[in-house]
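Hi,

Here is the structure I promised to send over.

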Amino acid sequence: MYSHSTKIRVRYGETDQMGYMYYGNYAQYYEVGRVEMLRSLGMSYSSMEADGIMMPVLELKCKYIKPALYDQEITVKTIIKTLPGIRIFFEYELYNEKEELINLGATTLVFVDMKKNKPTNPPENFMEKLSVFFN
């Protein structure tokens, strides 16, 4: 299993009139979690795309427990529980400043060969960096 945490402050433009983060913005926080997790492994979406691999989202799940509020610093914990194949599964836990669990999420992404526009295996260098956390 590999997990990584990053923090994001809820901005005014992300909230509704009640000061609650708009429900559609949680997917963007998940994306930040994924991007920062990749960076923690020495990878990036742009480097994968330069190597001809893209990772579109195939499925998204989101469970709201408590609202994220304006100006709160939210911890986004991103977790990979199993080594990926053609698909990679991410889980997310969002915590408020009181360390209360406020949201659970999950996404499934697929590795796609950009030249063939077909699913493919994950890049070898990605698997090498990730597999050390699964032994």
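Let's start with threonine 108, which touches Pro56, Val57, Leu58, Glu59, Arg87, Ile88 and Phe89, leaving aside residues up to four places away in sequence (contact means heavy atoms within 4.5 Å). Threonine 108 sits in strand β6, residues 101-110, and is buried, with a relative accessible area of 8% (buried is under 20%, exposed over 50%, partly exposed in between, with a 1.4 Å probe and protein chains only).

Before you go further: this is a predicted model, where local features need pLDDT of at least 70 and side-chain atom pairs count only at pLDDT 80 or more, while totals for chains, interfaces and linings use all residues. Residues are numbered from 1 along each chain as its sequence is written, and side-chain values use heavy atoms, with hydrogens and water left out.

Now the whole chain. The protein chain has 3 helices and 8 strands, in the order β-α-α-β-β-β-β-β-β-β-α along the sequence (these are DSSP runs numbered from the N terminus: helices are H or I with at least four residues, strands E with at least two). Of the 135 residues, 39% count as buried. Among contacts between residues at least 6 apart in sequence, 68% join residues at least 24 apart.

As for dimensions, the C-alpha atoms fill a box of roughly 45 × 30 × 20 Å along the principal axes.

Cheers
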